[in-house]
Amino acid sequence: MGRPLRPRGKLLQEDARRHHRSLLLQQLFREGPASRADLARSSGLTRVTVSDLVGEMLAEGFLAELGAPAETRVGKPPTLVGLAPDSHHIIGLDLSETDRMSGAVVNLAGTVQARHEVHVDGAEGEQAVELVLGLAAQLMTMTDRPVLGVGVGSPGVVDAAGTVVDAPNLAWTDTPLAARLAEALHVPVFVANDANTAVLGEHTFGESGDGGLMVLRVGTGVGAGLVLGGSLLHGHLGAAGEIGHVVVDPAGERCACSRTGCLETLLAAPRLRRRVAEPGADGPAVLAEVGTRLGEVLAPVVAALNLHEIVLSGPAELLDGPLLDAADRTIRERTMPISSTGLAVRTSKLGEDVVVVGAAVLVLAGELGVS
């Protein structure tokens, strides 16, 4: 069957209202406080519509009146309104680590208010789902503000409905994680691949530029998220960024995906830590070698997409130093100057919070239309 047409009538009016609210929230989210007249000019909406929507959002607590601007013109000064960042909180979960699942209470400005984590202890399948449910429920008790929703960054391939199609490291196949959480917690839930979640966090709150952005997430596995032209790249079947399963060493180790020598077998945090800790290993040399392999994989991507920033997200002691330097150098050696001029290769400004903050962006985008 084809996708049904959307119902006509009242629902379309509600959709238009929701879209108009999103326009105003996006303006305030990105540009800061503004008067109602300024919002009308920037959004193209009528002053009556803006006044009505602002009044509605003031009543809901999403906005607050902030008084008149410092430089007041002749006549009655306008009243500025702005986003009220602590009016609501968001629960963000990061399931990408090997040994633990972590989460945070995050406000509407992307600031972490409280944290909690649980140890995985080898949990897989349904047992791992129960751990996620418990972590989210505990975090819900750690805020006294209304919870706008729950966002989750999960390893593996995740579809648009929040079902984890395949996450080998957690032994999840077609696991309806968003539906399970929503049923248990009675709030909106949004689930995405952890690398996609990380790139949303970096793009929204991590001081990234305006060009193409790739965030390479290194944890239990390895994946990448890409923002191009201001939009998250999903790809065919939602599997864009599965760069961890590009084969780089056919004679290498067995990967969780059942193939041999994937990039993940070299770069995933547990394997990288093990290699660095082997007796007699030269840690910096091992990290530089892996960085060179990573650069070889990334160079064609940089050349094809003319990316502006590549951000490595994961354990700083592994990524920041010889590995980052070698990856940066190799990318530049293997691409034309026009491809790498102005390219920034760096670690995340958000550190270990990049996935939980990105998970909050999932909710901001899904519930308020801002990101």
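## Starting with the cysteines

Is Cys257 buried, exposed or partly exposed? With a relative accessibility of 24%, Cys257 counts as partly exposed. Keep in mind as you read that this is a predicted model.

Cys257 takes part in no disulfide, and the nearest cysteine sulfur to it, that of Cys262, is 3.7 Å away. Cys255 is buried, with a relative accessible area of 6%. The closest cysteine sulfur to that of Cys255 belongs to Cys257, and at 3.8 Å it is too far for a bond. A disulfide calls for sulfur atoms within 2.5 Å, and the structure holds zero disulfides.

Let us turn to the interior. In soluble globular proteins, nonpolar side chains tend to be buried together. Here the largest nonpolar core has 36 residues, and Leu24 and Leu39 are those with the most contacts inside it. Two or more residues of this core come from each of helix 1 (10-31), helix 2 (36-43), helix 3 (47-60), strand 5, helix 6 (194-205), strand 12 (213-218) and helix 13 (354-368). Helix 13 gives the most, with eight residues.

Setting aside neighbours within four places in sequence, Leu24 is in contact with Leu39, Ser43, Leu45, Val50, Leu53, Val54 and Met57. Apart from this core lies another, of 31 residues, with Ile91, Ala114, Leu170 and Ala178 among them.

## Two helices with a buried side

Helix 4 (125-140) is a handy one to check by its length. At 1.5 Å a residue, its 16 residues should span 22 Å, and the end C-alpha atoms are 23 Å apart, which agrees. The buried residues of helix 4 are Gly125, Ala128, Val129, Val132, Leu133, Leu135, Ala136 and Leu139. These residues cover an arc of only 165° around the axis, which puts them on the same side of helix 4. Their cover includes strand 4 (89-94), strand 5 (100-107), strand 6, strand 10 and helix 5 (177-185).

Helix 8 (residues 269-277) has Ala269, Leu272 and Arg275 as its buried residues. Seen down the helix axis, they fall within an arc of 130°, so they line one face of helix 8. The buried residues of helix 8 pack against strand 12, helix 7 (263-267), helix 9 (283-305), helix 10 (316-319) and helix 11 (322-333).

## How the strands pair

Strands of a sheet pair through backbone hydrogen bonds, either parallel or antiparallel.

Three strands form an open sheet in the order 8-9-10, with antiparallel pairing. Strand 8 (157-158) and strand 10 stand at the edges with a single partner strand each, so one side of each has no neighbour in the sheet.

Val150 has Val189 as its bridge partner in strand 11. Four of the five residues of strand 11 (residues 189-193) are buried, so strand 11 is largely enclosed by the rest of the structure.

Which strand holds Asp174? Asp174 is found in strand 10 (residues 172-175). Although Asp174 is not a glycine, its phi is positive, at about 50°. Asp174 is exposed, with a relative accessible area of 52%.

Asp121 is another residue other than glycine with a positive phi, near 50°. Asp121 lies in the loop between strand 6 (112-119) and helix 4, and it is exposed, with a relative accessible area of 71%.

A last stop is Leu237, placed in the loop between strand 14 (231-232) and helix 7. At 70% relative accessibility, Leu237 counts as exposed.

Key
Residues are numbered from 1 along each chain as its sequence is written. This is a predicted model: local features need pLDDT of at least 70, side-chain atom pairs count only at pLDDT 80 or more; totals for chains, interfaces and linings use all residues. Side-chain values use heavy atoms; hydrogens and water are left out. Buried means under 20% relative accessible area, exposed over 50%, partly exposed in between (1.4 Å probe, protein chains only). The expected span of a helix is 1.5 Å times one less than its number of residues. The arc is that of the directions from the helix axis to the C-beta atoms. Contact means heavy atoms within 4.5 Å. Two strands pair if DSSP finds at least two bridges between them. A nonpolar core is a set of buried Ala, Val, Leu, Ile, Met, Phe, Trp, Tyr and Cys residues joined through side-chain atoms within 4.5 Å.
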